[in-house]
Amino acid sequence: MNQAVLKALAPKGVLRVGLNLSNFLLVSGKTADGAFTGISPDIGQCIADELGVPCRLVPFDSPGALTDAADQDLWDIGNIAVEPERAQSIDFSAPYTLIEANYLVWADAKFASNADVDATGVSIAAYGRSAYDLWLTDNLNNAEMVRSSSIGQSHEDFKNGKADVLASLKPKLLEEVAASDLYRIIEPPFTAIKQAVGVRKGNKEALIFINDLIAKLLKDGFVAAALKKHGVSEKLGIPAID
């Protein structure tokens with residue numbers, strides 16, 4: 001093991017893996033003794049195993065909280081979505097999985113395309129500081145954002161008429177459509193969110209190490225098997241392997 005990589009990623013002799021608990025697709029359950037399970041914990045464990053150190057999962061209630069802790073020495077790697085604003089304080093690996101994000105509208109709404117949504121007077125409910133909220137903030141020109149403190153609250157805000165459109169993760173939107181014919185999803189997705197491993201800025205060797213490991217896990221089928229194991233293989237995409 002490269003000692004510079006080991007020192008950069010596990011300076012305390014244990015790999016502290018920051019988890020975003022609000023992403024129910026990546027942290028999808030708990031064991032009987034309360035340990036978090038899902039593709040993100042699995043990736044963290046693989047990195048720890050490769051380093052030859054124990055893995056400690058560090059939970060955060062939101063991606064914003066995980067990002068804010070980047071300079072507080074609370075985690076060594078953070079499993080979080082790639083986003084330009086976050087890249088100001090975090091360096092990101094290549095993605096290990098993808099999540100599509102779409103708009104949900106009322107079945108009889110006038111919106112037919114993503115472009116229709118970005119209009120003056122249109123309001124969009126979204127989970128504040130989520131990757132797709134940050135993407136919309138950077139890319140919308142006319143619509144107004146209505147931000148909520150959780151993904152569930154953003155769905156309720158839309159249903160209660162606080163916004164004209166809901167922006168959310170496609171798997172969550174599919175649940176809404178399956179439960180009621182009052183809604184429909186606009187296709188195609190307005191963005192695909194890249195879920196990756198974040199490290200503190202400036203650790204080039206550590207990032208190369210993680211990228212090489214992620215490429216291996218994608219190529220040998222580990223990621224595909226993990227998605228299937230956790231019951232999310234139909235909800236998450238697998239990045240193309242170079």
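Colleague: Which residues of helix H6 are buried?
Modeller: In this predicted model, helix H6 covers residues 151-159, and its buried residues are Ile151, Ser154, His155, Asp157 and Phe158.

Colleague: Where do the buried residues fall, seen down the axis of H6?
Modeller: They fall within an arc of 160°, so they line one face of the helix. In general, an α-helix has 3.6 residues a turn, so residues three or four places apart point the same way.

Colleague: And what comes just after H6?
Modeller: Gly161 follows, and it takes a positive phi of about 85°.

Colleague: Let us turn to helix packing. At what angle do H2 and H9 pack?
Modeller: Helix H2 (residues 39-51) and helix H9 (residues 222-229) pack at an angle of about 140°, and their axes are 10 Å apart. The two helices are therefore oblique to each other. The crossing of H2 past H9 is right-handed.

Colleague: Which residues meet there?
Modeller: From H2, Ile39, Asp42, Ile43 and Cys46 take part; from H9, they meet Phe222, Val223, Ala226, Leu227 and Lys229. Of the residues in this contact between H2 and H9, seven are nonpolar, two are charged and none is polar.

Colleague: Is Thr191 buried or exposed?
Modeller: Thr191 has a relative accessible area of 14%. Buried means under 20%, so Thr191 counts as buried.

Colleague: What is Thr191 in contact with, leaving aside its neighbours within four places in sequence?
Modeller: With those neighbours set aside, Thr191 contacts Ile99, Glu100, Ala101, Tyr132 and Trp135.

Definitions and conventions
Residues are numbered from 1 along each chain as its sequence is written. This is a predicted model: local features need pLDDT of at least 70, side-chain atom pairs count only at pLDDT 80 or more; totals for chains, interfaces and linings use all residues. Side-chain values use heavy atoms; hydrogens and water are left out. Buried means under 20% relative accessible area, exposed over 50%, partly exposed in between (1.4 Å probe, protein chains only). Helices (H or I, at least four residues) and strands (E, at least two) are DSSP runs, numbered from the N terminus. The arc is that of the directions from the helix axis to the C-beta atoms. Axes are lines fitted to C-alpha atoms, for helices over the stretch in contact, and angles run from 0 to 180 degrees between N-to-C directions. Angles under 35 degrees count as roughly parallel, over 145 as roughly antiparallel, 65 to 115 as roughly perpendicular and the rest as oblique. A crossing is left-handed if the near helix is turned anticlockwise from the far one by less than a right angle, and right-handed if clockwise. Contact means heavy atoms within 4.5 Å. Ala, Val, Leu, Ile, Met, Phe, Trp, Tyr, Cys and Pro count as nonpolar, Asp, Glu, Lys and Arg as charged, and the others, Gly among them, as polar.
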